[in-house]
Amino acid sequence: MLEVFENVFTPSNVEFLAKGMALTLALSVSVVIISIVFGTILALLRTYEKRFFGKLAGFYIEMFRNTPLLLWILVCCFMIPYGTIVIRGGLALTLYTSAVIAEIVRGGLNSIAEGQFEAAKSQGFTLIQTLIYIVLPQCFKSIVPSLLSQVITTVKDTSFLQVVAIPEYTRSGFVVMGRYTTTPEVFMIFTVLAVGYFVICFSLSCVVRSYQKRTQIAR
Amino acid sequence: MFGEGFLRTIEVAALALMLALVLGIIFGVISTSNNKVMRGIARIYVEFFQNTPLVIQVFFLYNGLAIAGLRLSVFVIGVLGVGIYHGAYVSEVVKTGITSIPEGQVEAAKSQGFTYIQYMRYIILPQTIKIILPPLTNQAVNLIKNTSVLAMISGFDLMYMADSWASSSLDYGPSYVFAGLLYFILCFPLATWARKYEERLKRNDTTRILYDPCEEAVTC
């Protein structure tokens, strides 16, 4: 057992896996941030603009929500001639995640009463001001748990990018695995991979749960 | 070629969905029981499978088990991998549904001499179904989409067929568009039905639904 451990955790392997983890984290964070901005715009359009742009946002959301992420990864990585593979892969993940986040934000927007718009208007707020100062703060407060679950999903979804050889955590793990042939060594690497994701995702899900508990008591 | 892949995807998705439902109901019910050990087992199952990527789980079934000497067919891997993974999500949905039924009903049922199984079967689960149908359908949609991981282990599903068609004919555009359309045909009606049903439920139900589907993991 100890021997297996020593065989697998050589300094070069550890460094390689750490680099993979760093890329996974960097990808997840940037994808989540851009997707929240883009998803919010889509949700606002779909909820409050019933004409052309609202329809367009609806079309976008339905298209991405009802097709697999893998399809978009392949499309972006094989059909876009610009950018590095990491950027193209990240783009695919962002496009996909934005659609999911848009639906989450829409759920939050639907819970806000119409009367608030009239109240804001009577106080001389413009539409943009109403959205920024009144609607969105309430909306985001109510959807924090769903958003965080989506962050967990996005961290896990980055593992799909291994299919186009982006050296994130899963890919690095598989590359390392290729050098080993015995069962304990291979199982050890699978464990390292699973534990890596588990630590990130489980801590996030603990945050979700404690947040839900706190807000439930506050109600 | 696309037809074959489409059929394979539907077969895998249908069997995986059944597995996920069975596991989900079992673990969902267990996780609301009074037995600490049982609850612990359900918790471990849910946390492990929800917090590690499906890609790694599927590759473990494919590469890991093969090295250990157990070779499963890609079809079986698809059903097992996707089914067990989504079982964890279904379990959470079922659990939320069960806990949304007021406590008093347990006492009422017990006072009428219902056993635990009877009370679950005749009182709790029928009420729960209505509440959890929308999130369950969303899970089914995600399950269908996630069967595409099979493409990574040459599972001859729709995504794999589309990709190999694309790389052999170099018609990337048309084959991805066509594959996308086929997935869309499967998922869109389900997703739309779930949304409409949920909206109707919110409008019509006079009893307040404690369970807010929008708070639950809509994703996976």
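User: What does Leu71(A) touch, not counting residues up to four places away in sequence?
Analyst: This is a predicted model. In it, Leu71(A) touches Ser148(B), Met159(B), Tyr176(B), Ala179(B), Gly180(B) and Tyr183(B), with residues up to four places away in sequence left out.

User: And which residues have the most contacts inside the largest nonpolar core?
Analyst: Leu71(A) is one of them, along with Leu70(A), Trp72(A), Ile73(A), Ala92(A) and Ala16(B). That core has 112 residues. H5(A) gives the most to it, 12 residues.

User: How many residues are in contact between chain A and chain B?
Analyst: 37 residues of chain A are in contact with 33 of chain B. On the chain A side, helices H3, H4, H5, H7 and H9 each supply at least two residues.

User: How does the side of chain A that touches chain B divide into nonpolar, polar and charged?
Analyst: 21 nonpolar, 12 polar and four charged.

User: Switching to H5 of chain B: why does it lie largely in the open?
Analyst: Helix H5 of chain B covers residues 104–111, and the number buried among those eight is zero, so the helix lies largely in the open. Gly113(B) follows H5(B) and has a positive phi, near 85 degrees.

User: What about confidence: which ipTM and pTM does the predictor give?
Analyst: The complex gets an ipTM of 0.90 and a pTM of 0.89. For chain B, the mean pLDDT is 87, and 93% of its residues reach 70 or more.

User: Where in chain B does pLDDT stay under 50?
Analyst: Over residues 206–218 of chain B. The model has 23 contacts beyond four places in sequence for that stretch.

Note on methods:
Residues are numbered from 1 along each chain as its sequence is written. Chains are lettered from A and ligands numbered from 1 in the order in which they are written. This is a predicted model: local features need pLDDT of at least 70, side-chain atom pairs count only at pLDDT 80 or more; totals for chains, interfaces and linings use all residues. Two residues are in contact if their C-beta atoms, placed from the backbone, lie within 7 Å. Helices (H or I, at least four residues) and strands (E, at least two) are DSSP runs, numbered from the N terminus. Ala, Val, Leu, Ile, Met, Phe, Trp, Tyr, Cys and Pro count as nonpolar, Asp, Glu, Lys and Arg as charged, and the others, Gly among them, as polar. A residue is buried if 20 or more other C-beta atoms lie within 10 Å of its own, exposed if 12 or fewer, and partly exposed in between; C-beta atoms are placed from the backbone. A nonpolar core is a set of buried Ala, Val, Leu, Ile, Met, Phe, Trp, Tyr and Cys residues joined through C-beta atoms within 7 Å. pLDDT is the predictor's confidence in each residue, from 0 to 100.
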